[in-house]
Each structure stands twice: as structure tokens, then as C-alpha cells.
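The points are numbered and can be read beside the display.

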Amino acid sequence: MLNFAYQEHQKTYYYDSRNIDIIRPHLAQNTSTDVCVIGAGFGGLSVALELAEQGKNVVVLEGARIGFGASGRSGGQAINGFEDGIDEYVEQFGFEMTQKLWEMSLEAIDIIDERIAKYAIHCDWKKGYATLALNHRRMDDLLAIEKASREIFGYDKMQLWDKAQLKQHLGSDIYVGGLFDSNSGHLHPLNYCLGLAKACLDLGVQIFEQSPVVDMKTQGNKVILQTQHAQVTAQHVVIATNAYITGLPRSIHHGTARKILPVESFIIATEPLEQSVADTVINNGMSVCDNNLLLDYYRLSADNRLLFGSDSSSNKDMVQVMRRNMLKVFPQLVDVKIDYGWGGPIDMTMNSQPYFGRIAPNVYFAYGYSGHGVALTGLAGRIIAEAILGNDDRLSVFEKLKIPSLYGGKFVKKLALKVGIPYYRFLDKYR
């Protein structure tokens, strides 16, 4: 059931280029704490850091290794906003609530800036992010996003680029234009995650690796979390397992896993490119994605590798699939070698809205980042920490989001992906 438990990091470009080594022991003896966090990824470490800064005693239980999941394997793009457009949120929730959500999404980017500066985290953080359109209908979607963000919220960090403007920065002919956001950006996710872990440890947070939680129960006003070797008794618990929530026992997630559909994503990394070649790909350091339903995303690493990712499929040889996808965008890289290929699940919700809330008054959760986790995890950590410290105003905003459930267990989720991916490809082809 716990298919992630006790695993080591996959061999990825990120792991091989990590700049910190942190190995923590498993939980070997019973302990008590103010707050116990399940999961040592961006979300779990973020809430632990926020609480430790306020003097709380925090224990983090990680079933595998720090940053084992998407926090150490993702595309590394930190994007403001949410997966749905602003107008959809206004229509569903009204202007006032949407404004609060938008402002918090901008704060999520600020949190990255703050933490990197405060804790001297070296993670190749770079601003600049472009969403690109493959046809004029999809370009209309980008026009609507820019107009809504500017006219509704006065956001002035976006620039619309036509094909000629885009070509000044991107060496591909397949797009008709794009929307550039100078505030969003990208980073080395594993180094950022390890930097957060080091900051936590320096503040006295106890982190235990290879310590999956197998059961959770309440005892009076406290919660007891059981691992294979020992247990933690906590006043508050935060579940921050992202896509891996679907593999935990129901005694832990209490049905919240029904809201999460794990979707596989896959990334390849080329060999380092000569600067002259790298400049024919991206010459301004931005990260990029298209606005398909099943999208491509890519960027150059600090050592000039092209990191190219897509939503994955059941193909066994995903490196070759991804190489073909890359060459459709950048045919000039036909002779470039692929050094790495890796994949992993991201935590989607059925309507792509984030899922933050409470199972009980002292048991919190945050998942469902739907591709925006690099930034939103920091925000989730902050607002859950605020709630634990007595102010749940901002968490209550997220609790008003209506996240559909998917019933039927893992079989239905696999069936939904099997049917959904070809359907989304069909829509991408004809919309």
C-alpha cells in the first residue's frame, strides 16, 4: 500500500547536481511534540519552518527521503495564480474572494524570494516564465488572462508577445505567440527542498526519514501517529504528502484521498549545451510551457541542459517519447544526447483547484496543487501555520473551494487516466 515507503531518491539530474547531502535517521523511539508533519517535501517543510520560526516544537515524518516526490523531481517552475483562470474564480466565488486568492498566489512567489534570501538557499532561482500558444484560438486564451489580471487586479508583470517578439527569445517556430510573466520563475527543486530542510534543522525541527506513518488515531485532544518502530504524540498534525496521499491508510486521510488524482509527469535532461547552442533554444533564461491541456514545459538548467517535460502516458520508453516531443519544438537539437530521464506523480484535483483544509480541529492537510506546487506549497505552509497559531482566516478562504470527489478507488482513478489522457490529446489537437 505504501509503495513510496523506504525508497531512495531516483537517479535524476537534480539528485546528481544536489549541493547538500542530508541523511536523517528513522524514528526509533516514542516522542511528543507540538506539531507533527507527515511528509518532508515543500509543503511539509514549509509549515515546519513557519512554526519553528514561531518557537513551536515540530517533528517531520518522511516515508522515504527528503524531497523524494515532486518536490525533488518536478519541472521547478514557480508560477503565480492557479490552474484555472481568474475569470473562472470570479464567476464561481465573486470578486472579493478571488482577489484574496490572487493576492495570496503572489505572496507564494514572495515567500520563495524571502526564504532564499533569509536562509541562503542556493537553488538557481531565476525569474521569467512564458506560456505559449500553438494556435490563434489558444492565443485568445492568453489575451484573456492578461486582460483579466491587468483590469481586475492591476497586475502589470505580464507582456503579450506576438510570434516575432517571441522569436527574439525562443528558438522555435511552432508557436503563434505567448504571455511572459516577469514575476514567476524557476529553480532547482531538490536543492530548494534540501535548503528548506537545513533551515528547519537549524531551528530545531526533528526530521525522520524512512519513517512512513501507518496509522493515526486521536486520544483525547491529542493525535498519535504510528510508524513501524515508534510513535509520535502531537497536539496538531499536518498531512503534506501530495500525490502519495492516495497510498496512505484511510485512518490517516479520512477520505480526503478521493479528491486527488495522481497524474504522471516525465522529464528528460540533455547533455550540457554549448552557450551558442543554448542561445538558439532560450536566450533570456525564462522557463516555458504551452497552454495545451496535456502540456509541454521546459527550461535551461544552470549548466545549460535543456530540461523538457510533459504529462506522461503509459509508454514504457518515455525517454524516446519525450525526445520526439522535444525535437518537435527544437529540431536543431537532433544531435544532442539525452543524459537523464525520470518521472513521478503530481497531485491533481478534478477541477484543478487546490485542496487545503482540516480533517479535525487539530488535523490539517494541503494537497491538490495541480502543477503549481513549487510556489503554492510555501503559501499552504504559511496559512496552515497561521491556523495552528490561532488565526484560520486565510485557511477558511481555501476551505470554501468546492473540490469534486472521485469514487471507486484506485481502479476508477486508473480508468479515468486511461480514458482522460487520449480525450485531452483529442481536445488539444482540435481546440
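**Notes on the model**

1. Just after helix 11, G390 takes a positive phi of about 115 degrees. This value, like the others here, comes from a predicted model.

2. Helix 11 itself covers residues 373-388, which makes 16 residues. From its first C-alpha to its last it reaches 21 Å, close to the 22 Å expected at 1.5 Å a residue. Helix 11 is also mostly covered, with 15 of its 16 residues buried.

3. The domain assignment divides the protein chain into domain 1 (13-73 + 190-261 + 351-419) and domain 2 (124-183 + 265-347). In the contact, 14 residues come from domain 1 and 15 residues from domain 2. The C-alpha centres of the two domains lie 29 Å apart.

4. How much area is buried between domain 1 and domain 2? The figure is about 1200 Å², and carbon and sulfur atoms give 55% of it. On the domain 1 side, Y13, Y14 and R73 lose the most area to domain 2, together 55% of what that side buries.

5. Strand 13 (residues 296-300) deserves a separate look. Is strand 13 largely enclosed or open? Five of its five residues are buried, so strand 13 is largely enclosed by the rest of the structure. The cut-off behind that reasoning is a relative accessible area under 20% for a buried residue. Both faces are covered: D296, Y298 and L300 are buried on one side, and Y297 and R299 are buried on the other.

6. Strand 13 has a pairing with strand 12 (residues 287-290), in which the two run antiparallel and are joined by two bridges. C289 has Y297 of strand 13 as its bridge partner.

7. L293 lies in the loop between strand 12 and strand 13. Its relative accessible area is 38%, so L293 counts as partly exposed.

8. Q275 is found in helix 9 (residues 275-278). With a relative accessible area of 44%, Q275 is partly exposed. Q275 and T131 are 144 residues apart along the chain, and their C-alpha atoms are separated by 24 Å.

9. Strand 2 (residues 58-61) is another strand with both faces covered: V58 and V60 are buried on one side, V59 and L61 on the other. Which way do strand 1 (residues 31-38) and strand 2 run, parallel or antiparallel? They run parallel and are joined by four bridges. Within this pair, V37 stands opposite V60 of strand 2.

Definitions and conventions. Residues are numbered from 1 along each chain as its sequence is written. This is a predicted model: local features need pLDDT of at least 70, side-chain atom pairs count only at pLDDT 80 or more; totals for chains, interfaces and linings use all residues. Side-chain values use heavy atoms; hydrogens and water are left out. Buried means under 20% relative accessible area, exposed over 50%, partly exposed in between (1.4 Å probe, protein chains only). Two strands pair if DSSP finds at least two bridges between them. The expected span of a helix is 1.5 Å times one less than its number of residues. Domain bounds come from an automatic or database domain assignment. Contact means heavy atoms within 4.5 Å. Buried area is the accessible area (1.4 Å probe) that two parts lose on being put together, summed over both.
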